[in-house]
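These are my notebook entries on a structure that I examined one place at a time. I set down what I looked up and what I found.

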Amino acid sequence: MTLKFHWYLPTHGDTTTVADNRLDAATRLRTHLQPTLENLTELGRVAEGYGFEAVLTPTGTHCEDSWIATAALAQHTERLKYLVAFRPGVISPTAAAQAVGTYQRFTGNRLALNVVTGGDDDEMRRFGDWTDKAARYRRTDEFLTVLRGLWNNPEFSFSGEFYRIEGAQLVYPLERVPDVYFAGSSAEAIEVAARHADVYLTWGETPEQVGEKFERVRAAAARHGRTLRYGVRLHTVARPTAAEAWQRAEELIAGLSADEVRRAHERFLASGSEGQRRMAALTSGELVGVRELEVHPGLWAGPSLLRDGAGTAAVGCYADVAALFGEYIEVGATEFVLSGYPQRVEIHHVGKGVLPLFAQAPAGV
C-alpha cells in the first residue's frame, strides 16, 4: 500500500486562527497572508521539499483562478503536482480536455483534477449557473463522460441532456491521463464518483463515519466494475507534545463569540451540501471548551465552528496525529489532503514531525 500526502494551497490567502475566517475584511487583514506568486511559491517549495505529493487549490469567487495560478507556480517547482479544483459548469468538457493536455505537456505531467460539482446555490449563481443540485450532478456525469471519451479516443461524439459534442478530438493526445479526485456525501455524488473518479475524497468525519461512507462508495464502484482509491481532507494541529497542540487549538478559537458560532452553525445546517451539513452535525452550534469539541480521540471539530468546508483537525503530538491517520488507513484511506493555521507554520510541524513516522516519507528538508 502506497500512502500519499498532499497539502492545501491557500490561493484565497491565509489566516493565523479559525476566528480570522470572518468575512469582515478589517478583521482578516491583520493576519491575512496575501496569495501572491512569491508567497505561494514559497509554500509550494516547502511542500515539495518535505515530499508531499501535490498541493490542492480551491475554486470559487474567494480565490485566485486555480488553473492560471498553478500553471504559474508549476514553473517554480520540479516534482510537486497540482490538484486543481474546478467546476464543470463553467467550462465545456472539450475546452477542459484541451486545457488538461496543455497543462500536462507544459508541466511534465504534474496535474491532478479535483472536480467540484458545487453545493452552494448562491456561489453557483455568481458564475451564472442556475441549475439545481440534482441537475448539476447529472451534468457532471456527462462532463466526465466526455472528458474521458476525449482522452481515450482519437475522435469522440456525445449527445446528452447538457452536452452535444460532435467529432471532438485532441490534436496532441495525452501522454499521461491525470487522476480525477471527487468528493460528495449525497447519493448522486457517490454515483458520479463510482462511475468516474480515481480517488474519492471525504472531509474528516470520525473514522467510523468515514469507513461507512467508503463502504458505500466501494459498493457503488463495484457495480460499475471499478476500484477506487480513498482519501481524507482535514486540518492538523501537530506539535512536539500533546499539551502544546491542545494549547494551540485553544488559541485557534479564542477570538470567537457565541453569537457568530450560532449563526455559522445555522447557515451550515441549511446548506445545500450534504457534506457541509454532516460537518455541522459534529457540533451543537454552541461555543464550548476546546476539549468538548473533540468528537473522537484526537479529532477536533473546532474549525467547523466558523469555517465552511473541511471542519475537523487532527490534534496532538506528532505520534498522536499519525495514530489518527492510521485509523483512517484502517478503514481504507491511502491519501490525505492536509492544512493548518497558518499554512506556512503548520506544514513544518507535519513535514518534520508526522511524515517521518510513515516509512515512505523523507525526514525533512
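Entry 1: Before sorting residues by class, I note the scheme: Ala, Val, Leu, Ile, Met, Phe, Trp, Tyr, Cys and Pro count as nonpolar, Asp, Glu, Lys and Arg as charged, and the others, Gly among them, as polar. I also note that the model is predicted. I then turned to the second largest pocket, whose volume is about 170 Å³. Its lining is made of 13 residues. Those nearest the centre of the pocket are Thr59, Asp65, Ser66, Phe86 and Val90. Two or more lining residues come from each of helix H3 (66-73) and strand S3 (81-86). Sorted by class, the lining holds seven nonpolar, three polar and three charged residues.

Entry 2: a pair of helices. At what angle do helix H12 and helix H13 pack? I found an angle of about 85 degrees between H12 (residues 318-330) and H13 (residues 343-354), and their axes are 10 Å apart. Angles of 65 to 115 degrees count as roughly perpendicular, and therefore H12 is roughly perpendicular to H13. On the H12 side I listed Tyr318, Val321, Ala322 and Phe325, which meet His349, Gly353 and Val354 of H13. By class, this contact has five nonpolar residues, two polar ones and no charged ones. I recalled that an α-helix has 3.6 residues a turn, so residues three or four places apart point the same way.

Entry 3: I recorded a cis peptide bond between Tyr341 and Pro342, with omega about -20 degrees. Pro342 belongs to the loop that runs between strand S13 (335-339) and H13.

Entry 4: helix H7. Is His196 buried or exposed? This residue lies in helix H7 (residues 187-196). His196 has a relative accessible area of 5%, and because buried means under 20%, I class His196 as buried. Setting aside its neighbours within four places in sequence, I found His196 in contact with Asp141, Leu144, Thr145, Arg148, Val180 and Arg226. Also buried in H7 are Ala189, Ile190, Val192, Ala193 and Ala194. The cover over the buried residues of H7 includes helix H6 (133-152), strand S7 (180-183), strand S8 (199-203) and helix H8 (207-223).

Entry 5: Asn109. This residue is not a glycine, although its phi is positive, at about 65 degrees. I located Asn109 in the loop between helix H4 (93-107) and strand S4 (111-115). Its relative accessibility is 9%, so Asn109 counts as buried.

Entry 6: Val315. I found Val315 in strand S12 (residues 313-317). Val315 is buried, its relative accessible area being 3%. Not counting residues up to four places away in sequence, Val315 touches Val237, Ala245, Trp246, Ala249, Gly298, Trp300, Asp320 and Val321. Val321 is also one of the H12 residues that meet H13.

Entry 7: Gly51. I placed Gly51 in the loop between helix H2 (37-50) and strand S2 (54-57). With a relative accessible area of 42%, Gly51 is partly exposed. Gly51 and Gln75 are 24 residues apart along the chain, and 18 Å separates their C-alpha atoms.

Definitions and conventions
Residues numbered from 1 in each chain as written. Predicted model: local features only at pLDDT ≥ 70, side-chain atom pairs only at ≥ 80, totals over all residues. Heavy atoms only, no water. 1 Å grid on protein atoms, 1.4 Å probe; cavity = no way out; pocket = protein on both sides within 12 Å on 5 of 7 lines; lining within 4 Å. Points joined across faces, edges and corners; volume = space filled by probe spheres on them. Helix = DSSP H or I, 4+ residues; strand = E, 2+ residues; numbered from the N terminus. Axes fitted to C-alpha atoms, helices over the stretch in contact; angles between N-to-C directions. Parallel < 35°, antiparallel > 145°, perpendicular 65-115°, else oblique. Contact = heavy atoms within 4.5 Å. Buried < 20%, exposed > 50% of the residue type's maximum accessible area, 1.4 Å probe, protein only.
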